[in-house]
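This report goes through a model by fold, pocket, salt bridges and selected residues.

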Amino acid sequence: PYSRSFPSPATRAWPFFTRLGREQAPEMMAHLAERFHAQGHWTEASQIYRRLLARGVGQRRCRFETRAVDAELRFRPRESQLALLTRTVNQLGSYLEYGDDHPEELTRECRSDLATLLLDTATGWHAEAAGNAAANDRRLVEAEMLYLLVLGPFPDLDTLDLDGWEPGQQPTIYRVNYWLAELYWTRGQWLECGRSFDLVVELDTRSEHAEYLRDAAHGALLCYDRLRLSRAREETRDDEQSLERRDFSSMEQTMLGAYTRYLCFVSDSDDLTQIAHRRAAMHFDANHFEEASVLYREIARSSPGEELGQLSAMGYVESMEAIAQRDPGRFRACRDELEQTVDAFLDDDRLTGNEHVALELTRTRCGIMWSHGEEASQQGEFGRCASTFLDLFERYHEPCQQIGDHGLDEVLYNAA
């Protein structure tokens with residue numbers, strides 16, 4: 001009768017059930033609490049669960065505690081709810097641990113109930129704030145804390161039975177990390193955002209279904225790019241240019257990892273060339289010219305019809321020239337490799353379709369021929385020297401008019 005006579009105070013039920021059911025009174029009260037909870041009478045449900053907990057319920061403590069908290073979240077002030085959930089996790093510590101203290105079935109049930117409660121609340125707060133929340137919105141801050149609270153003590157989340165979730169949409173370690181990464185993006189926490197997306201990519205490579213692989217890999221790039229831009233505004237740069245190889249900063253290492261993962265796991269995106277070019281440029285900026293030359297050359301070969309592919313051809317040339325300038329002992333080897341590659345570039349109509357790139361590649365070819373001519377002269381092979389300079393004049397007199405200190409006049413003088 002008490003379940004149908006709301007709003008009769010729930011406290012009146014205990015004496016009645018004690019007289020009527022004697023030792024069955026706690027079980028009858030539990031059924032009444034469930035009825036109140038199902039009907040949305042949150043205060044009454046909470047009162048009964050708390051009364052049962054105060055009297056001692058043994059192995060059912062976890063179930064009653066989570067049900068009481070679930071009810072109390074519906075009427076307690078918003079600002080006290082996170083503290084209530086955190087306290088509940090701490091109070092139920094022993095019930096959440098597999099061992100001899102509690103039957104494994106009850107421990108698993110407890111973990112499932114509490115994980116469901118935390119995730120229902122976290123995703124609810126996250127959804128409330130999505131789309132129109134400021135970065136410091138309390139709902140986002142507290143949703144983040146709940147996601148972290150789940151990811152900590154629930155490494156077996158993927159195996160738990162979470163009530164109320166569709167089988168294909170049930171929260172998993174993988175999905176919760178992705179939701180957390182999205183939350184960090186909304187809050188502008190770029191480092192945490194990038195790391196969380198990175199973790200999703202790592203987890204995705206171990207799963208059968210790459211649900212968020214592409215989005216997570218791209219998300220990591222965007223987060224690290226925002227972080228790089230925010231830090232760049234704060235940095236002071238030394239105007240003195242040096243060709244000495246330097247170590248990557250921790251931020252650069254992180255970004256390079258994100259670039260590499262994206263290029264490895266995403267194969268059909270329109271921005272692959274852009275990401276590959278950024279990776280090459282990062283090596284070039286750190287004076288890692290050997291690595292940069294290889295990366296630029298690969299981009300030029302794989303994307304010759306794209307602007308970044310064409311610019312990468314020039315990046316390759318600049319990298320090889322920097323290697324030779326930094327280490328004169330490698331000049332000849334660099335020149336010979338550069339010659340072969342530049343000839344291949346000039347034979348590719350897609351690369352030379354960019355007039356500026358075609359002109360610069362041709363001038364590089366002129367410089368290589370000039371080098372061969374000087375080398376022949378130094379070795380006393382004057383016939384080869386003369387034919388080389390004459391060949392340079394005949395083939396490239398128009399694009400290479402500014403070569404050397406005196407242009408084509410010097411070319412003819414050297415040939416003579």
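## Basis and fold

Helices (H or I, at least four residues) and strands (E, at least two) are DSSP runs, numbered from the N terminus. The model is predicted, so local features need pLDDT of at least 70 and side-chain atom pairs count only at pLDDT 80 or more, while totals for chains, interfaces and linings use all residues. Residues are numbered from 1 along each chain as its sequence is written, and side-chain values use heavy atoms, with hydrogens and water left out.

The protein chain holds 19 helices and 0 strands. Of its 416 residues, 48% are buried. Buried means under 20% relative accessible area, exposed means over 50%, and partly exposed lies in between (1.4 Å probe, protein chains only). The accessible surface comes to about 22100 Å². Carbon and sulfur atoms account for 47% of that surface. These areas come from the Shrake-Rupley method with a 1.4 Å probe; for residues, only the protein chains shown count as cover.

Contact means heavy atoms within 4.5 Å. Among contacts in the protein chain with a separation of 6 or more, 57% join residues 24 or more positions apart.

## The second largest pocket

Rolling a probe the size of a water molecule over the atoms shows where empty space is left. The search uses a 1 Å grid over the protein atoms alone. A pocket is an open set of points where a 1.4 Å probe fits, with protein on both sides within 12 Å along at least five of seven lines. Lining residues have an atom within 4 Å of a point. Grid points are joined across faces, edges and corners, and a volume is the space filled by probe spheres set on the points.

The second largest pocket contains about 420 Å³ of space. It is lined by 18 residues, and F331, R335, G367, I368 and S371 are the closest to its centre. Helix α17 supplies the largest share, with 9 residues.

## Salt bridges

A salt bridge is a side-chain nitrogen of Lys or Arg within 4 Å of a carboxyl oxygen of Asp or Glu. The whole structure has 25 of them. One pairs R63 with D113, with the closest N and O atoms 2.5 Å apart. R63 sits in helix α4 (residues 61–72) and D113 in helix α6 (residues 104–129), so this pair links distant parts of the chain, 50 residues apart. R63 is partly exposed, at 28% relative accessibility.

E290 and R245 also meet in a salt bridge, at 3.5 Å from N to O. E290 is in helix α13 (residues 289–302), and R245 is in the loop between α10 (213–232) and α11 (250–265), so the bridge ties together parts that are 45 residues apart in sequence. Both partners are partly exposed: E290 has a relative accessible area of 21%, and R245 has 43%. A network of salt bridges links R245, E290, E291, R326 and R330.

R297 and E337 form another salt bridge, at 3.1 Å from N to O. R297 lies in helix α13 and E337 in helix α15, so the pair ties together parts that are 40 residues apart in sequence. R297 counts as buried because its relative accessibility is 18%. E337 is partly exposed, at 33%.

## Selected residues

Is T88 buried or exposed? T88 is buried, because its relative accessible area is 1%. This residue lies in helix α5 (residues 81–91). Beyond its neighbours within four places in sequence, T88 is in contact with E65, V69 and L114.

A358 belongs to helix α17. At 15% relative accessibility, A358 counts as buried. Leaving aside neighbours within four places in sequence, A358 is in contact with L346 and T352. A358 and L346 are 12 residues apart in sequence, and their C-alpha atoms are 7.0 Å apart.

E318 is found in helix α14. With 41% relative accessibility, E318 is partly exposed. E318 and Y296 are 22 residues apart in sequence and 9.9 Å apart in space, C-alpha to C-alpha.
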